[in-house]
Amino acid sequence: MEKSFEGFSVGAEEKKMGLRGSSTTQLMLDNVKVPVENLLGEPGKGHKIAFNVLNVGRLKVATQALGMSKRAFTEAASYATMRKQFGKAIGEFGAIREKLADMTAAIFASETVIYRVAGLLDSRLALLDHSGSDYYERYQKAIEEYAAECAIAKVFCTEQLDMVVDEAVQIYGGYGYIAEYPVERYYRDARIQRIFEGTNEINRILIPTMLFRKADNGGSHSGNWWTRRGTAPPLKPHTRGNLPLPPPRLPG
Ligand SMILES: Cc1cc2nc3c(=O)[nH]c(=O)nc-3n(C[C@H](O)[C@H](O)[C@H](O)COP(=O)(O)OP(=O)(O)OC[C@H]3O[C@@H](n4cnc5c(N)ncnc54)[C@H](O)[C@@H]3O)c2cc1C
């Protein structure tokens, strides 16, 4: 769709809590006529393309959250070595060191999750034959196999980010609440990450739904990671696919 098409208009710039470096506006479509030659994909299947954009988008939000966590940690750790109270740098106090430890662990875990999901996607996409008119359809299906993992990364990394920016503000003390210092912005910028690209509540609904579906379909190309570690119980009559379910309720 071109901006010049009749019926298309752009709303006013939103005044946001954070992310003020980026523009956010509504895009309004009022009976816009789009020429047939502009159609992407097939009629009636646009939602599939849109959902797949969301899948990869969730991994990207996770990555963004990781970058923000690293920046907030770096600022907080550096402030902790500089700010002195009771005759020492606050970074020498156990309470502050514990915060730095938790922040580092959250960053390490987030990075691990992101590389794992990116690795799964990379390995799967590397198997695709690039020839043929159905390439894009196969590409989409391959990404869809890891929709749950992308959602897991989004939920996990954005919630780790919230903890990290919150502790960064705390380490800065009163200055953490003052706009002149960098962590005040990180705190505001972080808040949207749990809301867009599917709220974390919606992603938490999607994760088990997608995993059950995957189990029913025999897992992804690389199998089911949640039962591949040798610790999974053998299949029993009450299991569905490879995903163990709770024991059935006995009548009475
Ligand atoms: C800065 C910014 C940028 C954005 N960029 C884009 C963009 O580029 N493209 C785009 O399409 N959108 C964009 N959005 C919109 C954003 O994706 C939505 O705001 C978000 O998905 C939440 O939808 P909603 O606001 O309608 O919340 P609602 O759906 O009204 O949800 C409100 C609350 O109810 C909860 N909730 C809703 N349904 C359920 C349920 N079934 N079970 C449990 N809890 C539920 C939600 O989790 C949330 O906590 C942007 C928003 C902002 C603020």
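Predicted model: local features only at pLDDT ≥ 70, side-chain atom pairs only at ≥ 80, totals over all residues.
User: What is the chain built from, in order from the N terminus?

Analyst: The elements run β-β-α-β-β-α-α-α-α-α. There are six helices and four strands. The chain has 252 residues, and 22% of them count as buried.

User: Why is α4 called largely enclosed by the rest of the structure?

Analyst: A residue is buried if 20 or more other C-beta atoms lie within 10 Å of its own. In α4, 20 of the 26 residues are buried, so the helix is largely enclosed by the rest of the structure.

User: How do you know that the length of α4 is close to the expected one?

Analyst: The expected span is 1.5 Å times one less than the number of residues. Helix α4 covers residues 147–172, which is 26 residues. From first C-alpha to last, α4 reaches 38 Å, and 38 Å is also the expected value. Gly173 follows α4, with a positive phi near 60°.

User: What makes α4 and α6 roughly antiparallel?

Analyst: Two packed helices are described by the angle between their axes and the distance between the axes. The axes of α4 and α6 (residues 200–216) come within 8 Å and cross at roughly 150°. Angles over 145 degrees count as roughly antiparallel. That angle therefore makes α4 roughly antiparallel to α6. The crossing of α4 and α6 is left-handed.

User: Why is α4 also called roughly antiparallel to α5?

Analyst: Helix α5 spans residues 182–191. The axes of α4 and α5 cross at roughly 155° and come within 9 Å. The cut-off is over 145 degrees, so α4 is roughly antiparallel to α5. The crossing of α4 and α5 is left-handed.

User: How are α1 and α5 oriented to each other, roughly parallel or roughly antiparallel?

Analyst: α1 and α5 pack at an angle of about 155°, with their axes 10 Å apart. Roughly parallel would need an angle under 35 degrees, roughly antiparallel one over 145. α1 and α5 are therefore roughly antiparallel. Their crossing is left-handed.

User: Asn203 is in α6. What makes Asn203 count as buried?

Analyst: Asn203 has 24 C-beta neighbours inside 10 Å. The C-alpha atoms of Asn203 and Ile152 are separated by 7.7 Å, although the two are 51 residues apart along the chain.

User: Why is Arg188 called partly exposed?

Analyst: Arg188 is found in helix α5. Within 10 Å, Arg188 has 16 other C-beta atoms. Exposed means 12 or fewer, and buried means 20 or more. The count falls in between, so Arg188 is partly exposed. Arg188 and Met17 are 6.1 Å apart in space, C-alpha to C-alpha, and 171 residues apart in sequence.

User: Which class does Thr25 fall into, buried or exposed?

Analyst: Thr25 lies in the loop between β1 (8–10) and β2 (27–29). With 11 other C-beta atoms within 10 Å, Thr25 is exposed, because the cut-off for that class is 12 or fewer. Thr25 and Ala12 are 13 residues apart along the chain, with C-alpha atoms separated by 5.9 Å.

User: What class does Leu19 get, and why?

Analyst: Leu19 is found in the loop between β1 and β2. Leu19 has 17 other C-beta atoms within 10 Å and is partly exposed. That class lies between 12 and 20. Phi of Leu19 is near 45°, a positive value in a residue other than glycine.

User: What is the phi of Asn31, and why does Asn31 count as exposed?

Analyst: Phi of Asn31 is near 50°, a positive value in a residue other than glycine. Asn31 sits in the loop between β2 and α1 (46–82). With 6 C-beta neighbours inside 10 Å, Asn31 counts as exposed, because 12 or fewer is the limit.

User: Which residues surround the ligand, and how do they divide by class?

Analyst: The surrounding residues are Lys16, Leu19, Thr24, Ile192, Ile195, Phe196, Gly198, Thr199, Glu201, Ile202 and Ile205. The shell has six nonpolar, three polar and two charged residues. Gly is classed as polar, Lys and Glu as charged, and Leu, Ile and Phe as nonpolar.

Key
Residues numbered from 1 in each chain as written. Near = placed C-beta within 6 Å. Helix = DSSP H or I, 4+ residues; strand = E, 2+ residues; numbered from the N terminus. Axes fitted to C-alpha atoms, helices over the stretch in contact; angles between N-to-C directions. Parallel < 35°, antiparallel > 145°, perpendicular 65-115°, else oblique. Left-handed = near helix turned anticlockwise from the far one by under 90°.
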